[in-house]
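Please open the model in your viewer and keep a selection panel at hand. The stops below say what to select next and what is found there.

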Amino acid sequence: MSMSMPAARRGKPKILGPETSIKDTWTKLAHAIREIQNHNASKLSFEEHYRYAYNMVLFKHGDQLYTGVKQLVAEHLDALAEERIVPAFPRSSGTHGAGKLGGGAEAVERAMEGDRFLKAVKGVWEDHTGSMRKLKDVLRYMDKVYTAASGVPQIYEVGLTLFLTHIIRSPKHPIHTHLIATLLSQVQLERDGETITRSTVRECVDVLLRLTDDRDGKNVYLSDFEPEFLRRSGEFYRLEASEMLESGDAGLYLRNVERRLAEEADRTAHYLSTFTHPPLQDLLVAQLLTPHLQPILHMPGTGLAPMLDADRIADLRRLYVLFLRVPDDAGRLALRLALRGDIEERGKEINEGTKDEPGPSQNGEPGMDVDEDVKGKGKAKASGGATALASALRWVQDVLDLKDKFDRVLDQAFSGDKTAFQSFINANPRAPEFLSLFIDEHLKKGTKAKSEDEIDTALEKTIVLFRFLADKDKFERYYKNHLAKRLLYARSASDDAEKGMVAKLKVEMGFQFTQKLEGMFTDMRLSAEGANTFRNYLNRHGHLPFDLSVNVLTASYWPQPIVTASPLTFPSALLTATTTFGKYYDSRHSGRRLTWQGSLGTADVKIRFKARSHDVNMSTHALVVLLLFDDDKDGEGLSYTDIRASTDMPDPELQRTLQSLALGKYRILQKNPKGRDVNPTDTFTFNDSFTCPLARFKIMQVVARVESAKEREETQEMVDEERKHQVEACIVRVMKNRKTMGHNELISEVAHQLSSRFNPSMALIKKRIEGLIDREYLERTADIGTYRYLA
């Protein structure tokens, strides 16, 4: 306030004398107030007019002063509204709906009109508050004495209330309607991409924030503007969501949602109130996301699945971040279910890709194990078994690729929010076999163009898939079979890699799971060490006509098909050697019985043909058959029946052996009549005219690496039989510890303990409980549903 205060008049206020009229005092004070409101305060004396107000309060006329000032302020505000605000009313003040307001010149004109009106309101506010600050100084004594004694607001607060009632909520002019509508219109114009003067909007919002509604104690912004702003915003974004969804582009829709959230956050930070930020963000989520989760996820061509197909990491990350905003975890749950469904669908496609693949034929024509073929020379023709093996390996690789893909998506887009592959992996009943075949392919010799690090990485990934397997006991059976063949046929590419894989399985499953696998390694080590001892024995007792190397296997460690005795009659040349080794072994061990397994051995033989001699590596079975032709001096050949009678080989083994000798790549026997199959009516002769440019080659033993349907049934039967024993052992173990236990509790505990190997069905557990009761390991108590341990 700028009022003149001459030095001669400084000091304490002069007391009003009886001769001075109150009416005259008020007249002078009222004139001064009007001059202040008209910006002429520099002509007034602050001390003089302060003394006038002081005297009126002192002589008990404070009520007249308080009421008079209020009336003068109200009259001034009415005049300001009439002179400055009403003429600035916009021609259209927001009677439109929630949609866009139009663009071009119309939008620019609307923005300018709104800005002009808001500046008028802001100008009146600044005029009024400036006057009220000066009045507050003049009437300071009244505020100190009268208002405190009468319990009424101080004059500055009265001025704010009068501004609300005579300007913002003027009963004479629709200022309130125009103000709220103009603010909403300015926001809508900016949402539509137009440029507005943010500072003007901010200044008017500050006015509403300063004014308090006496009815509910809230500021006018919260009571008058925010509810309408949120309502109109909800309508706008509801319409926008419908329009954007019709475009059919989920990525574009999510980018728009992200943009709108950022824009509204910026808007509340710069020219609205921070009070509005939480409800406005919640409103956007409620209108743009919550009702549309499923349409966004499953939008044809652009939803979750196409995003995953195209590795659109940015869109996937945006999807994840936005869905996390949906309340009650509904967005995360919807995304998790959709992602799980997509994984299962992709897994189903992988499973179906292997379902109809041809398996090895039943007549002994599975695919050859071509990995041992001579380098640089031709490959064996692919057959049904080779196709089945390729299918098995492809299944595991496809699953690993899928796992890598989703790991990358989860880490880069979903912040490591993991999901499981378990469902679709276990939907493929051959998953344990395929996984074991994949490991076998990486651990055996002949693996092409892969370093030790690459092999170790592949094995680490298979362990991840192994964790998802429900039938780990079935995997163990397949793995033991494949490991046994690698060890016995010396196919392991690296002993360290083999032992490393067993160590990984031991970490996952414990000592009991790998105990027999480690026993297999022990047998191979002891057999290698025993070879020197056997040579020393031969030096003392006479040499054999050929070198003999024997692997002695502990029957309890090795797979049943390996150690099951297979009938075979050795020719005299081989029988002498087996007898000698038997005597040697008996001299060192008592109480042990050797059973010779000719199906597992190999032999290096020099064969003389007309053209030249060749060093040939073949199976022991092939050698037994080939030695029969030494006695065929006249070249008439041997019939299939003769060979079977001389060797005692089972038909499947004999057919596979004859196929490798007469129908393989190196045909050292000739079959009559010619054909692809070996039949009981066929005859075979030694192919003396055989030629080959190689001095040394290997005759591949035809072997099925992938099980046939019949073999899978047999494997499942053996697994089911083993599971019966495991369930019974678990029941006994639990009951021995607990003594008595309820039916449901026992079933739950047994299922939990066995879940690391397989998931036993409730029917299986119940059946084994009944079996144990019949064998008097358990009994039912008087309390129905409770068992007692007996044995």
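**First stop: helix H20**

Select residues 472-488, which make up helix H20: its 17 residues reach 24 Å from the first C-alpha to the last, close to the 24 Å expected at 1.5 Å a residue, where the expected span is 1.5 Å times one less than the number of residues. Helices (H or I, at least four residues) and strands (E, at least two) are DSSP runs, numbered from the N terminus. This is a predicted model, in which local features need pLDDT of at least 70 and side-chain atom pairs count only at pLDDT 80 or more, whereas totals for chains, interfaces and linings use all residues. Residues are numbered from 1 along each chain as its sequence is written, and side-chain values use heavy atoms, with hydrogens and water left out.

Buried means under 20% relative accessible area, exposed over 50%, and partly exposed in between, with a 1.4 Å probe and protein chains only. Just after H20, Ala490 takes a positive phi of about 55°.

Within H20, pick Tyr479, which is buried with a relative accessible area of 1%. Leaving aside neighbours within four places in sequence, Tyr479 is in contact with Ser436, Ile439, Leu443, Arg486, Glu498, Met501, Val502, Leu505 and Leu517, contact meaning heavy atoms within 4.5 Å. Arg486 lies over the face of Tyr479, at 5.6 Å from the ring centre; a charge sits over a ring if NZ of Lys or CZ of Arg is within 6 Å of the ring centre and within 35 degrees of the ring normal. For another charge placed over a ring, go to Lys136, which lies over the face of Tyr156 at 5.7 Å from the ring centre.

Which residues have the most contacts inside the largest nonpolar core? They are Leu29, Leu65 and Tyr479, in a core of 155 residues; such a core is a set of buried Ala, Val, Leu, Ile, Met, Phe, Trp, Tyr and Cys residues joined through side-chain atoms within 4.5 Å. A second, separate core has 35 residues, among them Ala662, Tyr666, Leu669 and Cys692.

Now select helix H1, residues 22-37, whose 16 residues reach 22 Å from first C-alpha to last, close to the 22 Å expected at 1.5 Å a residue. Its buried residues include Ile22, Trp26, Leu29 and Ile33, and what covers the buried residues of H1 includes helix H2 (46-58), helix H3 (62-85) and helix H4 (105-138). Not counting residues up to four places away in sequence, Leu29 touches His49, Tyr52, Ala53, Met56, Leu65, Val138 and Leu139. At the start of H1, a side-chain oxygen of Ser21 reaches to within 3.2 Å of the backbone nitrogen of Lys23, while just after the helix His39 takes a positive phi of about 65°.

Move to Asp78 in helix H3, which counts as buried at 19% relative accessibility. Its side chain makes polar contacts with the side chain of His166 at 3.0 Å and with the side chain of Lys172 at 3.3 Å. A polar contact is a pair of N or O atoms within 3.5 Å; within protein, one must be able to donate a hydrogen and the other to accept it, and residues adjacent in sequence count only if both atoms are side-chain atoms.

**Last stop: an aromatic cluster**

Finally, select Phe534, Tyr537, Phe581, Tyr584, Tyr585 and Trp596, which form one aromatic cluster. Rings of Phe, Tyr and Trp (its six-membered ring) pair if their centres lie within 6.5 Å, with planes under 30 degrees apart counted as stacked, over 60 as edge-to-face and the rest as tilted; by this rule the count comes to 22 aromatic pairs. The rings of Phe534 and Tyr584 have their centres 5.1 Å apart and their planes at 55°, so this pair is tilted. The pair links distant parts of the chain, with Phe534 in helix H22 (residues 511-541) and Tyr584 in helix H24 (residues 572-588), 50 residues apart.
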